[in-house]
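Subject: Structure for your records

Hello,

Here is the structure I said I would pass on.

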Amino acid sequence: MSTTPETPLLDTLRDPADIRRLTTAQLEQLAHEVRAEMIDIVSHTGGHLSAGLGVVELTVALHHVFNTPEDRLIWDVGHQSYPHKIVTGRRERMRSLRQGGGISGFTLREESPYDPFGAGHSSTSISAGLGMAAAAELLGDDRLVIAVIGDGSMSAGMAYEAMNNAGAMKSRLIVILNDNDMSIAPPVGAMSAYLSRLLSSNSWLSIRDLAKEVASHLPPPLERTARRAEEYARSIMTGGNTLFEELGFYYVGPIDGHRMDHLVPVLRNVRDGRRDGPVLIHVVTRKGKGYAPAEAAPDKYHGVSRFNIVTGVQDKGKPQAPSYTNVFGKSLLTEAIRDPRIVAITAAMPSGTGLDKFAETFPDRTYDVGIAEQHAVTFAAGLACEGLRPFVAMYSTFLQRAFDQVVHDVALQNLPVRIAVDRAGFVGADGATHGGVFDMAFLGCIPNLVIMCAADEAELARMVATAALYDDGPTVLRYPRGEGVGVEIPDAPEPLAIGKGRVVREGKGVALLSIGTRLHDCLAAAEQLAARGLSPTVADARFAKPLDWDLIEGLARTHEVLVLVEEGSIGGFGSLVVTGLANRGLLDNGLKTRILCIPDRFFEHDTPEAQCAKAGIDASAILDTVLAALGRDLSAEARA
Ligand SMILES: Cc1ncc(C[n+]2csc(CCOP(=O)(O)OP(=O)(O)O)c2C)c(N)n1
Ligand SMILES: CC(=O)[C@@H](O)[C@H](O)COP(=O)(O)O
Ligand SMILES: [Mg+2]
């Protein structure tokens, strides 16, 4: 790699091997350029900003010291991997970030050999890294495995399960704890407080780092003595062993994650040093580093829309209607003002779930449990046992983590826990890792659950009111990401009759029965069918459990075609309906029944509309399905 002072280093970079040849000053220069490039990219595409900005120096230092991709570098969650993508051959393609067919916003194995493990959900990196390290040992490979995990992600149980195992296995795994004292929101919990104490009781590593440098260059016996002395010095400084040391890790830190001259020697030391157990390097960084608006408000710049670099103002567009999240938050607050037994639980997503407003009004009745979805659900079960009315608000995709807790701790004991499932359905740019597509299938099979799906924001307000009053067992309310459809929201939402759907458009011949917000595509398809001389009935099931058999049986007996439409995977609403129809003998007389649900594959990032079109659950797919079921010539219809 030949450079002149005028040539940006980033322009000359082919792959990380080039980074390995740079001097410390050049590494600093490269970090500077990567940061500027990342800000420019995200200002055009939107995406995760402040987390990536905080790890620019760390990214450059890691690729400088370690032999990636032969050494495995795993980023937990992956939302901070943009600098990594920029320096691993994806710089140009980053301009297509999170767009259909473009670069993923998370690490993805199929995207690059430099992404040895895909992510999106948090706290998987230590487990995956431990598996890779164990495989390397078993296969006799000399490679190193480095897992980078944030302080927020360290609040999840899985991280501790993995550390517990790593310490016992004496694995050679290297864990880098990227401590920026932030999750999306400010971090919570005893672990976070512990990390702060660890920092305040430790000076920066530089002096001890020097001691270790010396130690590693001494012959073995002396080296051990020197190490012991250094460890002793450290335990005096921290007032005892760190939690990580108790778990069997060799703890190094804290070190300043923005100082290349600190990072590089420490990483080198760890690379070349001991091989008889896992190492944890405690790196301290600043979320949003190097971009003033993000540094000032790392939570607001965690995930951003396109923005003006100079002003920092994000282009969020003009909302046409309130988001479902906000409607949920407001509705719950209204109920809670009336009912002191209502409490709210979030797993590290107060603003994402709309519970931030609830927390402002009722701080004592709000619990942010950290990234701990399993615990959140069982914690809610405990609250319900004592007569409270807990609402656990969680994204559909993260609820996947708590399946057994819903089954074993909530449903089996028929506890009145309310589970608010946000981001249900396609979520767009976050792609397959965050798609809320499985909840209907994995919840629909659990006894005792009442499952409601909102077709619009007024329905959601009514569902919150319904759940607030329902004490006979657990309830689930499901609603999507994004804005409502602009209907008026009643001031005093009337609770729904449990298990009762509604006919929205009376017709004959063809019945479209939807659940959730697919209703609007059914209505649009009905208009198009009407233009072709048909008069479809459109109904909103409202409840996936219990199903409204009066409604469904009526539709089945009086129509020739029944199309079931949902924004969820195979095995959800449609399967529940068809199972019931079959067992009631309602399919025996030739009812033409079709299920439009999300097909049996993963859908990558795109707009939610494009995802629905690709999945075949939009208005045009409904239209085609009906015409095909009626045996009408689709190509002739299209020509008409
Ligand atoms: C299982 C799971 N729950 C929630 C989230 C949402 N989430 C994404 S990033 C994040 C905060 C992570 O904090 P930290 O690990 O400290 O990383 P930072 O953003 O501070 O770099 C959260 C809660 C997730 N990705 N996975
Ligand atoms: C990385 C992560 O899991 C979150 O930051 C997520 O991207 C938030 O998604 P929303 O924008 O839907 O809140
Ligand atoms: Mg953090």
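This is a predicted model: local features need pLDDT of at least 70, side-chain atom pairs count only at pLDDT 80 or more; totals for chains, interfaces and linings use all residues.

The annotated positions

An unreviewed UniProt entry lists Asp-151 and Asn-180 under "binding site".

Asp-151 is in the loop between β3 (145-150) and α8 (157-169). With 22 other C-beta atoms within 10 Å, Asp-151 counts as buried, because the cut-off for that is 20 or more. Setting aside neighbours within four places in sequence, Asp-151 is in contact with Leu-177, Asp-179, Asn-180, Asp-181, Pro-187, Ser-192 and Leu-195.

Asn-180 is in the loop between β4 (174-179) and α9 (190-200). Asn-180 is buried too, with 24 other C-beta atoms within 10 Å. Not counting residues up to four places away in sequence, Asn-180 touches Asp-151, and also Gly-54, Gly-150, Thr-285, Arg-286 and Lys-287.

The nonpolar core

In soluble globular proteins, nonpolar side chains tend to be buried together. Here the largest nonpolar core has 184 residues. Ile-146, Ala-376, Val-392 and Leu-512 are the residues with the most contacts inside that core. Ala-376, for one, is in contact with Ile-345, Ala-347, Val-369, Val-392, Met-394 and Ala-402, leaving aside its neighbours within four places in sequence.

Regards

Definitions and conventions:
Residues are numbered from 1 along each chain as its sequence is written. Chains are lettered from A and ligands numbered from 1 in the order in which they are written. A nonpolar core is a set of buried Ala, Val, Leu, Ile, Met, Phe, Trp, Tyr and Cys residues joined through C-beta atoms within 7 Å. A residue is buried if 20 or more other C-beta atoms lie within 10 Å of its own, exposed if 12 or fewer, and partly exposed in between; C-beta atoms are placed from the backbone. Two residues are in contact if their C-beta atoms, placed from the backbone, lie within 7 Å. UniProt positions are given in the numbering used here, feature names are shortened, and annotations may be inferred rather than shown by experiment. Helices (H or I, at least four residues) and strands (E, at least two) are DSSP runs, numbered from the N terminus.
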